[in-house]
Amino acid sequence: MRFGLKIGDHDLDVKLRKVTNFLEAGHKVKITVFYRGRELAHKDLGFKLAERVIESFGDKIFVDQNPQLAGKQLSFVIRSNNHAKAKDA
């Protein structure tokens, strides 16, 4: 799932609903935040957006790969917490 750094609240909600559908189907979801132009000077905003996404799911998800910056994109991987419990057992 791709996000721009300047994403509106409604657009973010739409994308999070799609992510929820993937998670409920048992899939892992890689979320990528793209930086364009001078946005790269404000790397902290991307990490705040990533944290906002993670917090919006609460205990429902497990972060497989923490947010990390690679070039002009910040990416992280999440999966359903139910899947994590089943794998650990």
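Helices (H or I, at least four residues) and strands (E, at least two) are DSSP runs, numbered from the N terminus. The model is predicted, and local features require pLDDT of at least 70, side-chain atom pairs count only at pLDDT 80 or more, and totals for chains, interfaces and linings use all residues. Residues are numbered from 1 along each chain as its sequence is written, and side-chain values use heavy atoms, with hydrogens and water left out.

Helix H2 comprises 15 residues, 43-57. The distance from its first C-alpha to its last is 22 Å, close to the 21 Å expected at 1.5 Å a residue, where the expected span is 1.5 Å times one less than the number of residues. Gly46, Leu49, Ala50, Val53, Ile54 and Phe57 are the buried residues of H2 (buried, under 20% relative accessible area; exposed, over 50%; partly exposed, in between; 1.4 Å probe, protein chains only). Viewed down the axis of H2, these buried residues fall within an arc of 135° and so line one face of the helix; the arc is that of the directions from the helix axis to the C-beta atoms. Exposed Lys48 and Glu55 lie on the face of H2 turned away from its buried side. Just after H2, Gly58 adopts a positive phi of about 60°.

E3 and E4 pair in the antiparallel sense over 7 bridges.

Definitions and conventions: Pairing = 2+ DSSP bridges.
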